[in-house]
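Reader: Please take one part of this model and go through it closely. I would like the surface looked at, with the terms spelled out as they come up.

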Amino acid sequence: MEDINKVATVAREVKEETNLDVIETIYLNKVFKYNSLGKNCIEYVFLSKVKNSDIILNEEHIDYKWC
């Protein structure tokens, strides 16, 4: 799972959706499988360290919560 493409995808999506710059990403070896709107979905879980903390959400989101 240490696929460089997945790590690059995480950084790109975090930047696109929150405007945060990722400096490190770790795959947590966890996968969520579920059904949503009649489609089978798979989500991989990552932990990322970011440079900044000023979140600017893109048009896909209306709110966020730190977990």
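Author: Ile-26, Leu-28 and Leu-47 make a nonpolar surface patch of about 260 Å². A patch here is built from residues with over 30% relative accessible area and no salt bridge, joining nonpolar side chains (Val, Leu, Ile, Met, Phe, Trp, Tyr) within 5 Å and like charges within 9 Å. A salt bridge, in turn, is a side-chain nitrogen of Lys or Arg within 4 Å of a carboxyl oxygen of Asp or Glu. Areas come from the Shrake-Rupley method with a 1.4 Å probe, and for residues only the protein chains shown count as cover.

The model is predicted: local features need pLDDT of at least 70, side-chain atom pairs count only at pLDDT 80 or more, and totals for chains, interfaces and linings use all residues. Residues are numbered from 1 along each chain as its sequence is written, and side-chain values use heavy atoms, with hydrogens and water left out.

Strands (E, at least two residues) and helices (H or I, at least four) are DSSP runs numbered from the N terminus. Leu-47 counts as partly exposed because its relative accessibility is 48%; the class lies between buried, under 20%, and exposed, over 50%, with a 1.4 Å probe and protein chains only.

Strand E1 (residues 22-36) holds Asn-29. The phi of Asn-29 is near 55°, a positive value in a residue other than glycine. Most residues other than glycine have a negative phi. Asn-29 has a relative accessible area of 65% and is therefore exposed.

Leu-37 sits in the loop between E1 and E2. Its phi is also positive, near 55°. With 86% relative accessibility, Leu-37 is exposed.

Now the chain around these residues. The protein chain has 1 helix and 2 strands, in the order α-β-β from the N terminus. Its C-alpha atoms fill a box of roughly 35 × 30 × 20 Å along the principal axes. Of the 67 residues, 13% are buried. The accessible surface comes to about 5,700 Å², and carbon and sulfur atoms hold 53% of that surface. Among contacts (heavy atoms within 4.5 Å) with a separation of 6 or more, 49% join residues 24 or more positions apart.
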